[in-house]
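Look at the model below and follow the text residue by residue. The text begins with a single residue and then widens to the whole chain.

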Amino acid sequence: MPALNFTVNKEQLVRGEKPHTIRRNIPRGWALGKPLSLYEAQRTKSCHKLVDTFCGANRPIKINTFSYAVSVGERVLTSPEIIQLAVFDGFQNNREFFDFFRKNYGEIFNGYLLFFNMGSFTPTPYALEKYGKRK
């Protein structure tokens, strides 16, 4: 079963406000409809499962932090779409989004936009207690 670790934006994740994640590689075992577990502090003594869900679609994504451009598949996103992507990914705005990717990955990021199946999104009791109930 694929598992993903989260170090930031856990509150949005648990509340169901983060319908996707952006990763450099597709996790091993990722396939549409397969069970998926989302964790914090994976591979440590402090590891806790946050959410059980299912794998959704995945799309290649390219983020150019120099020209402030994003493409998903072959489609170049508009400015409003980039803002929406950034906010849904847990950032306050597109500037914070581009700053994060520049700092962590350099000028160009190539990876995947991985969607969660939000219809089957089940936060664990631990996650609900620590990060609050979904809106």
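T53 is buried, because its relative accessible area is 3% (buried means under 20% relative accessible area, exposed over 50%, partly exposed in between, with a 1.4 Å probe and protein chains only). The residue belongs to strand β4, which covers residues 48-64. Strands here are DSSP runs of E with at least two residues, helices are runs of H or I with at least four residues, and both are numbered from the N terminus.

This is a predicted model, in which local features need pLDDT of at least 70 and side-chain atom pairs count only at pLDDT 80 or more, while totals for chains, interfaces and linings use all residues. Residues are numbered from 1 along each chain as its sequence is written, and side-chain values use heavy atoms, with hydrogens and water left out.

Which residues does T53 touch, not counting those up to four places away in sequence? They are K34, P35, L36, L38, F116, N117, S120 and F121, where contact means heavy atoms within 4.5 Å. T53 and K34 are 19 residues apart in sequence, and their C-alpha atoms are 8.6 Å apart in space.

L36, one of the residues that T53 touches, sits in strand β3, residues 35-40. L36 has 0% relative accessibility, so L36 counts as buried. Leaving aside residues up to four places away in sequence, L36 touches M1, P2, A3, L4, W30, V51, D52, T53, F54, C55 and F116. L36 and G119 are 83 residues apart along the chain, and 13 Å separates their C-alpha atoms.

Now consider D52, which is among the residues that L36 touches. D52 forms a salt bridge with K49, with 3.2 Å between the closest N and O atoms; a salt bridge is a side-chain nitrogen of Lys or Arg within 4 Å of a carboxyl oxygen of Asp or Glu. D52 is partly exposed because its relative accessibility is 30%, and K49 is partly exposed, also at 30%.

How many salt bridges does a search of the whole structure find? The search finds seven. One of them joins the side chains of E17 and R15, at 3.2 Å from N to O. E17 is partly exposed at 25% relative accessibility, and R15 is partly exposed with a relative accessible area of 21%. Another joins E81 and R75, at 2.5 Å from N to O. E81 counts as partly exposed at 25%, and R75 counts as partly exposed at 44%.

Next comes the chain as a whole. The protein chain has four helices and eight strands. In order from the N terminus, these elements run β-α-β-β-β-β-β-α-α-β-β-α. Along the principal axes, the C-alpha atoms fill a box of roughly 40 × 30 × 30 Å.

Buried residues make up 41% of the 135 residues. Of the contacts with a separation of 6 or more, 72% are between residues 24 or more positions apart.
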